[in-house]
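These are my notebook entries on a structure that I have just opened. I record below what I looked up.

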Amino acid sequence: MARVLVTGASSGLGLATVRELGAVGHDVVLHARAPERLAGLDVSGMAREVVYADLSCLEQVVRLAEQIERIGRFDAVIHNAGVIGGPSVFAVNIVAPYVLAALMAPPGRTVVLSSSMHRGGSTDLETVDFSDPEARRRPYDDSKLQVTALAMALARLRPRDLAHAVDPGWVPTRMGGPSASDNLEEGHRTQAWLATADDSDIEPRTGAYWYHGVPRPPHPAVVDAVFQDQLLDALGTFTGIPLPPSGS
């Protein structure tokens, strides 16, 4: 059975992912922003452990990485946490996954949640301010372009491990809203499968962008090594935390 961390798992797709993995016996660690996010929810039957951190706060993300490291090396990390707008959109959607990737022992598999809206993201990294999103730049789209590129960069730089991005679709969660037209049941299945399936069942093995179990072409910048390196440099400069080469 696999040891899997799922971030942002107090509700929606994250909680559905935890439930599916826990139901078949995987060793799941559930991340939530704060204990009150799990009020009234019994997670004892689906998660081995619960960890808390506000991913919009860099210091808390660093402490979360330290806490997770004490648990041991993970077979998979599913970066599910995300926000659709507001001042923390970059902090939660791209800075936190980057910092966890930089500070944790590299997991066997990394799965990030992307969005079809990543195709509307800007490739201009010279003027982006990760601490102060500009609404006119469509920062959600930018953040999803960036986190998808992060997954592809990890696939390139850490070839022994697997890294993928998943578009869960526009599903009726709290973020997606009640008018969302995609299948809620399908929204979590691809990332749960990528985290735990046999390597031989995943094709391509690493570096793919998935929608409902099918690989699809992402925005061209996502697979551009130059853009990936520019993004890693920008995130390293912003956080003061470089991504170790080859996960060392």
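Which exposed residues does the face of α2 turned away from its buried side carry? I keep in mind that the model is predicted. On that face of α2 I found R63 and R70, both exposed.

**Entry: helix α2**

I then looked up the extent of this helix. Helix α2 runs over residues 58-71, 14 residues in all. From its first C-alpha to its last, α2 reaches 20 Å, close to the 20 Å expected at 1.5 Å a residue.

I next listed the buried residues of α2, which are V61, L64, A65, I68 and I71. Seen down the axis of α2, these buried residues fall within an arc of 110 degrees, so they line one face of the helix.

I asked what covers them. The cover over the buried residues of α2 includes the strands β1 (3-6), β2 (27-32) and β3 (49-52), as well as helix α3 (89-103).

I also checked the residue just after α2: G72 takes a positive phi of about 130 degrees there.

**Entry: helices α1 and α5**

Two packed helices are described by the angle between their axes and the distance between the axes. I looked up both values for helix α1 (residues 12-23) and helix α5 (residues 189-196): the angle is about 45 degrees, and the axes lie 9 Å apart. The angle makes α1 oblique to α5. I noted the crossing of α1 past α5 as right-handed.

Which residues make this contact? From α1 I recorded T17, E20 and L21, and from α5 R189, Q191, A192 and T196.

Terms used:
Residues numbered from 1 in each chain as written. Predicted model: local features only at pLDDT ≥ 70, side-chain atom pairs only at ≥ 80, totals over all residues. Heavy atoms only, no water. Helix = DSSP H or I, 4+ residues; strand = E, 2+ residues; numbered from the N terminus. Expected span 1.5 Å × (residues − 1). Buried < 20%, exposed > 50% of the residue type's maximum accessible area, 1.4 Å probe, protein only. Arc of directions from axis to C-beta. Contact = heavy atoms within 4.5 Å. Axes fitted to C-alpha atoms, helices over the stretch in contact; angles between N-to-C directions. Parallel < 35°, antiparallel > 145°, perpendicular 65-115°, else oblique. Left-handed = near helix turned anticlockwise from the far one by under 90°.
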